[in-house]
Amino acid sequence: MTFFETARRAVSQQMMASHAEIEAWKVDHERAMLVFDFQELVTSVTHQFDTIDGLNRQLTDDIINRKQPYLEAFDEGVKDLCREWLTLARDMRDSVLAWCKSQGHEVDGERELLDRIAQAENSEANDFDLYAKQRIASIQLPIDKIQEMQIPLALWPD
């Protein structure tokens, strides 16, 4: 084998190795971009939860403060949003987030998403009326507090 053939073969092998590295990089880059895109989706979906939660809280507060009447259709509409959001978030957690974790990728916003899912599942267990129940409980006086404030009949003025 001549010097030229040996040199050409060495350069050719180096180029083949470079091609393999480029292909591996492309796969890694595509995965990284998928994770990056997913992180943006996580941020968006987390913001959607906050928007729905804010809408629900505002509606509940307005009804309690008598700023607007209770409308079952609107209440059901908000609950439908809650159900749709929870279905979407669970799917993201169980599919894409699970894949990212299995590939060793950290996902920015993961903790926030999982916290929102836990909040939504807690509310789901209360037919998405958890905030309303908490608000009502916060303004109701326990019977022992009411009894403390009552004046015994014997002490009433004539």
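Residues are numbered from 1 along each chain as its sequence is written, and side-chain values use heavy atoms, with hydrogens and water left out. Because the model is predicted, local features need pLDDT of at least 70 and side-chain atom pairs count only at pLDDT 80 or more, whereas totals for chains, interfaces and linings use all residues.

The predictor's confidence in each residue is expressed as pLDDT, from 0 to 100. The chain has a mean pLDDT of 87, with 88% of its residues reaching 70 or more. Where pLDDT is low, the predicted coordinates should not be read in detail.

The chain contains 5 helices and 0 strands, arranged along the sequence as α-α-α-α-α. These elements are DSSP runs numbered from the N terminus (helices: H or I, at least four residues; strands: E, at least two). Of the 158 residues in the chain, 22% are buried; here buried means under 20% relative accessible area, exposed over 50%, and partly exposed in between, with a 1.4 Å probe and protein chains only.

Helix α2 has 31 residues, and its end C-alpha atoms lie 43 Å apart, which agrees with the 45 Å that it should span at 1.5 Å a residue. That expected span is 1.5 Å times one less than the number of residues. A kink of about 35 degrees is centred on R93 in α2, the bend at a residue being the angle between axes fitted to the seven residues ending there and the seven starting there. The buried residues of α2 include V78, W85, L86 and M92. Just after this helix, G104 adopts a positive phi of about 85 degrees.

Positive phi values also occur in residues other than glycine. R66, in the loop between α1 and α2, has a phi near 60 degrees and is exposed, with a relative accessible area of 77%. F128, in the loop between α3 and α4 (130-139), also has a phi near 60 degrees, but F128 is buried at 5% relative accessibility. In helix α1, H47 counts as exposed at 52% relative accessibility. The C-alpha atom of H47 is 9.9 Å from that of E112, although the two residues are 65 apart along the chain.

Side chains of opposite charge can pair when their charged atoms come close. A salt bridge is defined as a side-chain nitrogen of Lys or Arg within 4 Å of a carboxyl oxygen of Asp or Glu, and the count by this rule is 14. One of them joins R83 and D80, whose closest N and O atoms are 2.9 Å apart. These two residues are separated by about one helical turn, because they are 3 residues apart in helix α2. R83 is partly exposed at 32% relative accessible area, as is D80 at 38%.
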